[in-house]
Amino acid sequence: INTIFITTRHDSHSQYVINGIESGKNVFVEKPMALTVEQLEEVKSAYEAAKKGGSATQVMVGYNRRFAPAVQEIKKRYSDELSKSINIRVNAGLVPPDHWVNDPQVGGGRIIGEGCHFVDLAMYLAGADITSVSANTLKDPNNLNNSVVINMEFANGSIATVNYFSNGNKTLGKEYMEVFCSGEVVIIDDFKEMTIYGSSKKKIKFGGQDKGHAKEVELILDAIRNGKPLPISFEDSYLSTLATLKALESISQNRKIQL
C-alpha cells in the first residue's frame, strides 16, 4: 500500500495522518486535518521531519469544492495576482445539539467540521495565503457557534466573508457565492449554475450539482500513479485548517487574529 484515505470521525484524523506520514504513505484525509492548533502543529512537525528525512509522502485534505466546474471557471477567468472581493453564504441547516459533530471532543463543532471547506474555498478563489481572520457568532442557547460570520484578508489584497448559518430554511439552496473582480461579478448558485456580469450577462448551467468530489479523486489517483504532486499541497491544507481554528480563537477573544 502506498496511499491511505482517512474518513473516520474527526477526533482520530490527526493521529491517523501522523501514523500515515511516519509509515511513508501518501495521505488523503477528509476534513478537518485536526481539531486543535496543537494537533495541527504535531501533524506539521511529523510532515516536516519526514521530508527532511527524504520521504516522498504527500498529505492533502479533502477540500473538494476547489475542483467543482464552476470554481474552475473562476480560476481560469482571473489570475491569482488580481485582488478580489469574495462573499460565500452557506445555508447550512440545523443539526441536533447532541449530534456527534457538535461534540467538541469528537466532532469539534461545525466551524471546524464543515466551515473549513469555505475558508479553504475562499483562499483558493482569492489565489493567495490568508493573512488574518476575524469571526463573530450568533448566540444560541447551546453555545454551539453554528451560525458564524468569518472575515479574511489575503496576501494579494483580496478580502472574503464566509457566512455560515444554521438558522435558515432548507427550501433555500445551500451554497451561494459571489466574486467581484476587475469590474465583473461572478455568481455561483449551489454549484448548479453560474452567472457572469461583465460587458454582457452570461449564464452557464452545469449538468446537475457538481461539488468536485469525482474530479478530486480522479486527480489524486492520477498524481499517485504518475508521481506528480497531489492537487492540494500540504501547505495549503495546513493554512486553511489553521485559519479555521483561529476563527474559533477570534470568537473567544473577540478580536482579529493575524496568521
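Predicted model: local features only at pLDDT ≥ 70, side-chain atom pairs only at ≥ 80, totals over all residues.
Visitor: What share of the residues is buried, and what does the surface consist of?

Guide: Burial first: 51% of the 259 residues count as buried. The chain exposes about 12,100 Å², and carbon and sulfur atoms supply 49% of that area. For charges, count 29 positive and 30 negative side chains, with the centres of the two sets 5 Å apart.

Visitor: And how do I read the contacts along the sequence? What share joins residues at least 24 apart?

Guide: Take the contacts between residues at least 6 apart in sequence; 64% of them join residues at least 24 apart.

Visitor: On to the sheet. In what order do the strands sit?

Guide: Nine strands make an open sheet with mixed pairing, and the order is β11-β10-β9-β8-β4-β7-β6-β5-β12. β11 (201–205) and β12 (257–258) are at the edges with a single partner strand each, so one side of each has no neighbour in the sheet.

Visitor: Which pairs are parallel or antiparallel?

Guide: Now go to β5, residues 130–137. Seven bridges join β5 to β6 (residues 148–154), and these two run antiparallel. β5 also pairs with β12 in the antiparallel sense, over two bridges.

Visitor: How should I think about side chains on a strand, and is β5 mostly covered or open?

Guide: The general idea is that in a regular strand the side chains alternate between the two faces of the sheet. As for β5, six of its eight residues are buried, so the strand is mostly covered.

Visitor: Now a loop residue. Where is Lys 174, and what does it contact?

Guide: Lys 174 lies in the loop between β7 (159–165) and β8 (175–181). At 23% relative accessibility, Lys 174 counts as partly exposed, because that value falls between the 20% and 50% cut-offs. Beyond its neighbours within four places in sequence, Lys 174 is in contact with a set of residues including Arg 65, Arg 89, Glu 114, Asp 190 and Lys 211. By contrast, Ile 159 is 15 residues from Lys 174 in sequence and 22 Å away in space, C-alpha to C-alpha.

Visitor: Which backbone angles deserve a look?

Guide: Check the peptide bond from Lys 31 to Pro 32, which is cis with omega near -5°. Pro 32 sits in the loop between β2 (26–29) and α2 (37–52). Then check phi: Ser 182 is not a glycine, yet has a positive phi of about 55°. Ser 182 is in the loop between β8 and β9 (184–189), and is exposed at 54% relative accessible area. Asn 254, likewise not a glycine, has a positive phi of about 55°. Asn 254 belongs to the loop between α6 (234–253) and β12, and its relative accessible area of 62% makes it exposed.

How values were computed: Residues numbered from 1 in each chain as written. Heavy atoms only, no water. Buried < 20%, exposed > 50% of the residue type's maximum accessible area, 1.4 Å probe, protein only. Contact = heavy atoms within 4.5 Å. Areas by Shrake-Rupley, 256 points an atom, 1.4 Å probe, with all protein chains shown as cover. Lys, Arg positive; Asp, Glu negative; His and termini not counted. Charge placed at Lys NZ, Arg CZ, Asp CG, Glu CD. Helix = DSSP H or I, 4+ residues; strand = E, 2+ residues; numbered from the N terminus. Pairing = 2+ DSSP bridges.
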